[in-house]
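The sequence and structure are shown below.

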Amino acid sequence: MDIVELLANTSLFRSLDNQTMALVLASHRRIKLKRGDEIFHENDLADSLYIVTSGRIAILKAFLDRKESMVAIMETGDLFGELGLFDGQGRSATARAIERSEVAAISYTPIRSAIEHRPVLLWSLLELLANRLRQTDDALTDAMFLDVTGRTAKRLLELAANLDEFIIPLTQEELAGLIGASRERVNKTLAAFVRAGYIDINDRLYRIKNRPQLEIIAG
């Protein structure tokens, strides 16, 4: 997909004129990934942000027991890896492809130069940061007020988007990490949804049979 078109749809880059966009993209790199390929690891040096041009990228955090929890999935058109642009610190999480994917890496240097010449772009950065904070707030709210059944229904609806039949390119362990529960609890919940006639599952192919009921469960 055309990277200029993708960037023009993001809060950070949509106000750039053609000349500035060309300067920002002058040294960008396209990176092709297989499932399991890492783009960066938690605490790595941060010098670029990324936009997904195809596929899906998981954002993962490691905990004290060294297990990873999937905190977000980035899809086509999503930006990630921007926090180092704000604080100059290492990566706050790991980014890994969960299916065959491609991303574009954009160096912080031309972005910072564009901001220095057009300080109004700081508002775009604030909008991006505000969106990240809202997503964090939503995740905390889900963890506090939704049980495993509610979180599972909500994540299924998010992964399905507007489709009734869709593929989830995740292992059972990865899906459980995204939901924030043990694999056993999530599997029991999915089995209960199948018995109730809300969904069908065939390997990684899911079909929603009763979306209104899932929406009620998801709150």
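## The largest cavity

The lining of the largest cavity consists of eight nonpolar residues, with no polar and no charged ones; here Ala, Val, Leu, Ile, Met, Phe, Trp, Tyr, Cys and Pro count as nonpolar, Asp, Glu, Lys and Arg as charged, and the others, Gly among them, as polar. The model is predicted: local features need pLDDT of at least 70, and side-chain atom pairs count only at pLDDT 80 or more, whereas totals for chains, interfaces and linings use all residues. Residues are numbered from 1 along each chain as its sequence is written, and side-chain values use heavy atoms, with hydrogens and water left out.

The lining residues of this cavity are L12, F13, L16, V24, I111, A114, I115 and L121. Helix α4 (residues 108-117) contributes the largest share, three residues. The space in the largest cavity is about 50 Å³, and the count of cavities of 30 Å³ or more is one. On a 1 Å grid over the protein atoms alone, a cavity is a set of points where a 1.4 Å probe fits but cannot get out, and a pocket is an open set with protein on both sides within 12 Å along at least five of seven lines; lining residues have an atom within 4 Å of a point. Grid points are joined across faces, edges and corners, and a volume is the space filled by probe spheres set on the points.

## The second largest pocket

The second largest pocket has a volume of about 180 Å³. Its lining comprises I168, L170, T171, Q172, L175, V186, N187, L190, I201, D203, R204 and Y206, of which seven are nonpolar, three polar and two charged. Both α7 (172-179) and α8 (183-196) supply at least two lining residues, and α8 gives the most, with three. Helices (H or I, at least four residues) and strands (E, at least two) are DSSP runs, numbered from the N terminus.

## Two open sheets

Two bridges link β2 with β7 (residues 94-97) in the antiparallel sense, and F40 stands opposite A95 in β7.

Strand β3 (residues 48-54) is joined to β6 by two bridges, and the two run antiparallel; I51 stands opposite L79 in β6.

Contact means heavy atoms within 4.5 Å.

R211 belongs to helix α9 (residues 211-217). Not counting residues up to four places away in sequence, R211 touches L157, A160, A161, N162, L163 and D164. The side chain of R211 reaches the backbone oxygen of A161 at 3.3 Å.

Terms used:
Two strands pair if DSSP finds at least two bridges between them. A polar contact is a pair of N or O atoms within 3.5 Å; within protein, one must be able to donate a hydrogen and the other to accept it, and residues adjacent in sequence count only if both atoms are side-chain atoms.
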